[in-house]
Amino acid sequence: MFDLLKRYWKVLNSPSVHFSLAFLTLGGFVAGVIFWGGFNTALEATNTEKFCISCHEMRDNVFAELKSTIHYSNRSGVRATCPDCHVPHEWTDKIARKMQASKEVWGKIFGTISTRDKFVEKRLELAQHEWARLKANNSLECRNCHSAESMDITRQSPRAVEAHEKFLFTGEKTCIDCHKGIAHHLPDMSGVPEWQ
């Protein structure tokens, strides 16, 4: 056993062309920590409301709309920010969403929604993409704050109680099926299937 450890130690201490394997391993570890720290810092910096509204397209359109909703200002003082609703909280889901959102950078570069008119023209398409994403993940971001288990349906309207019991609690529908336009104005919904 001692001979085996001695051989491993010799391999770790023997030089490559200029540096020992131990130095290269330690250097790789330190570089990895620095890279990971930088990556995580950048990830968190791009996961703030300040970052989201740094683009005038977001600040002047959807953020202005959010300000007039209960998700922005309410009696409890709890406020949802852009990432709360548009970026999953779990790390792997967050990375997947960030990769998906990278195509939005192309939209910024090419001015896809750089004016209010362009934004309004593409609004339904943008909303449908977001609704489909939320539908596919069972409204994960909604459920980070709103859970069926913690709902006090005795304090809801009869219509809400009926809908939640029939659709949400049974799993037949998810939050976004009924709560489109909860934090932003709806686009022109004419021609959208199943819209009432």
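Here are a few friendly notes on the predicted model above, point by point.

1. **Before you start.** This is a predicted model, in which local features need pLDDT of at least 70 and side-chain atom pairs count only at pLDDT 80 or more, while totals for chains, interfaces and linings use all residues. Residues are numbered from 1 along each chain as its sequence is written, and side-chain values use heavy atoms, with hydrogens and water left out.

2. **The annotated site.** An unreviewed UniProt entry lists Cys142, Cys145 and His146 under "binding site". UniProt positions follow the numbering used here, feature names are shortened, and annotations may be inferred rather than shown by experiment. Cys142 sits in helix α8, residues 140-143, while Cys145 lies in the loop between α8 and α9 (158-168). Helices here are DSSP runs (H or I, at least four residues), numbered from the N terminus.

3. **Buried or exposed?** Relative accessible area sorts residues into buried (under 20%), exposed (over 50%) and partly exposed (in between), using a 1.4 Å probe and protein chains only. Cys142 is partly exposed because its value is 25%. Cys145 reaches 57%, so this residue counts as exposed. Cys175, at 14%, counts as buried.

4. The test used here asks for a pair of cysteine sulfur atoms within 2.5 Å, and the count comes to zero disulfides. For Cys142, the closest cysteine sulfur belongs to Cys175 and is 4.5 Å away, so it is too far for a bond.

5. **The largest nonpolar core.** Six residues make up this core: Ala127, Trp131, Leu134, Ile176, Met189 and Val192. Helix α7 (residues 116-136) gives the most, with three residues. A nonpolar core means a set of buried Ala, Val, Leu, Ile, Met, Phe, Trp, Tyr and Cys residues joined through side-chain atoms within 4.5 Å. In soluble globular proteins, nonpolar side chains tend to be buried together. Leaving aside neighbours within four places in sequence, Val192 is in contact (heavy atoms within 4.5 Å) with Leu124 and Gln128.

6. The axes of α4 (residues 56-66) and α7 come within 10 Å and cross at roughly 65°. Axes are lines fitted to C-alpha atoms, for helices over the stretch in contact, and angles run from 0 to 180 degrees between N-to-C directions. The two helices, α4 and α7, are therefore roughly perpendicular, a label that covers 65 to 115 degrees. Asn61, Val62 and Glu65 in α4 meet Arg116, Phe119 and Arg123 in α7.

Note on methods
Parallel < 35°, antiparallel > 145°, perpendicular 65-115°, else oblique.
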